[in-house]
Amino acid sequence: MKQFRLFYLIPLLLIGHWMTGCADRSEGGEQQVSVDGGAVGFALALAVAEEYQKVDPKARVGVAFSGTGGGFTRLCNGSIDIAVASRVIRESESKACKRAGIEYIELPMGLDGLALVANKNNKFLKCLTRKELKTLWEADAEGKIVTWDQVNPKFPKERILLFAPPVDSGTTDYFTQSITKRRGNIRSDYTPSFNQNTLIQGVIGNANGFAFAGIAFVMQNQDKVNVIGLENLDGKECVKPVPIENVKRNKYLSKINYTFR
């Protein structure tokens, strides 16, 4: 029997309707909906679930985050109803859904942005070029680029301690494509976590810490970290993600989030 799922990031007012459409009813009339995927959309999905349960007290909405890739895997094996993602679905993932007889709808939910952050006490990092970011994060840097003077000779010879989402997360997928021009082209000698609050705390707790993370997580802690500027595409201006209008106008690292059902 063909199953139908939705992958979406959609306006708040529509989510209740989609939850109703994809939910199963138990014998007692309890509505059950399962949501999983990218950490960037977790807070919104959780908030929507809580609001929806006020409208339908019998609803039981389970929300988790195993990363965008993990959400797609679970969507395409039929174990969840809704996948939240920070990138579009890949051809291989779409084929997996098709083989399982699962159709989906993809809807944009909102514009998101990434931010570069260093420890609050880091005074020399103010702006990075895209070339410097590539030098720092690409796979060839593993075990070789270990101090900041190797990124830019004007920087001090201080150790680098990196934090970022895992390689199969939508956030890292977007970052590697944007900065290194090749998906998954990232060194592995960094501390990974799907929980982006953990990444921020890693930077706060380590003098040599540096990370890229979702802008929402950074804004919650911007008084505790050093938010780093990024050279814009024409190389004429260094732009920070705050004020948030820089993300909205796509002057920083901006990306679209999605939901699939």
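The paragraphs below lead through the predicted model from its nonpolar cores to a helix, its salt bridges and its charged surface.

Residues are numbered from 1 along each chain as its sequence is written, and side-chain values use heavy atoms, with hydrogens and water left out. Because the model is predicted, local features need pLDDT of at least 70 and side-chain atom pairs count only at pLDDT 80 or more, whereas totals for chains, interfaces and linings use all residues.

In soluble globular proteins, nonpolar side chains tend to be buried together. Here a nonpolar core means a set of buried Ala, Val, Leu, Ile, Met, Phe, Trp, Tyr and Cys residues joined through side-chain atoms within 4.5 Å, and buried means under 20% relative accessible area, exposed over 50%, and partly exposed in between (1.4 Å probe, protein chains only). The largest such core has 25 residues, of which Leu133, Trp137 and Phe210 touch the most other members. At least two residues of this core come from each of β6, α5 (130-137), β8 (161-164), α6 (170-179), β10 (209-214) and β11 (225-231); helices (H or I, at least four residues) and strands (E, at least two) are DSSP runs, numbered from the N terminus. Apart from this core lies another, of 13 residues, among them Phe163, Leu199, Ile215 and Val225.

Helix α3 (residues 68-76) is mostly covered, seven of its nine residues being buried. Those buried residues are Thr68, Gly69, Gly70, Gly71, Phe72, Leu75 and Cys76. The C-alpha atom of Phe72 is separated by 6.3 Å from that of Ala83, 11 residues away along the chain; Ala83 has its place in strand β5 and is buried, with a relative accessible area of 1%. Just after α3, Gly78 takes a positive phi of about 80°.

With a salt bridge taken as a side-chain nitrogen of Lys or Arg within 4 Å of a carboxyl oxygen of Asp or Glu, a search of the whole structure finds eight of them. In one, Asp36 pairs with Arg74, the closest N and O atoms being 2.9 Å apart. The pair links distant parts of the chain, with Asp36 in strand β3 (residues 31-37) and Arg74 in helix α3, 38 residues apart. Asp36 is buried, with a relative accessible area of 2%, whereas Arg74 is partly exposed, with a relative accessible area of 32%.

Arg90, Asp173 and Arg183 are linked in a network of salt bridges. The side chains of Arg90 and Asp173 meet at 2.3 Å, N to O. Since Arg90 lies in the loop between β5 (82-85) and α4 (91-99) and Asp173 in helix α6, this pair ties together parts that are 83 residues apart in sequence. Asp173 also forms a salt bridge with Arg183, the closest N and O atoms being 3.6 Å apart. Arg183 lies in the loop between α6 and β9 (191-192), so its pairing with Asp173 in helix α6 ties together parts that are 10 residues apart in sequence. Asp173 counts as buried at 3% relative accessibility, while Arg90 is partly exposed, with a relative accessible area of 23%, and Arg183 is partly exposed, with a relative accessible area of 46%.

The loop between α6 and β9 also holds Lys181. Most residues other than glycine have a negative phi, and most peptide bonds are trans. Lys181 has a positive phi of about 70° although it is not a glycine, and this lysine is exposed, with a relative accessible area of 65%.

Elsewhere on the surface, Lys120, Lys123, Lys126 and Lys240 gather in a patch of positive charge. Lys123 lies in the loop between β6 (102-119) and β7 (127-128) and is exposed, with a relative accessible area of 60%. Patches are made of residues with over 30% relative accessible area and no salt bridge, like charges being joined within 9 Å and nonpolar side chains (Val, Leu, Ile, Met, Phe, Trp, Tyr) within 5 Å.

How values were computed:
Accessible areas come from the Shrake-Rupley method with a 1.4 Å probe; for residues, only the protein chains shown count as cover. Lys and Arg count as positive and Asp and Glu as negative; His and the chain ends are not counted. The place of a charge is taken as NZ of Lys, CZ of Arg, CG of Asp or CD of Glu.
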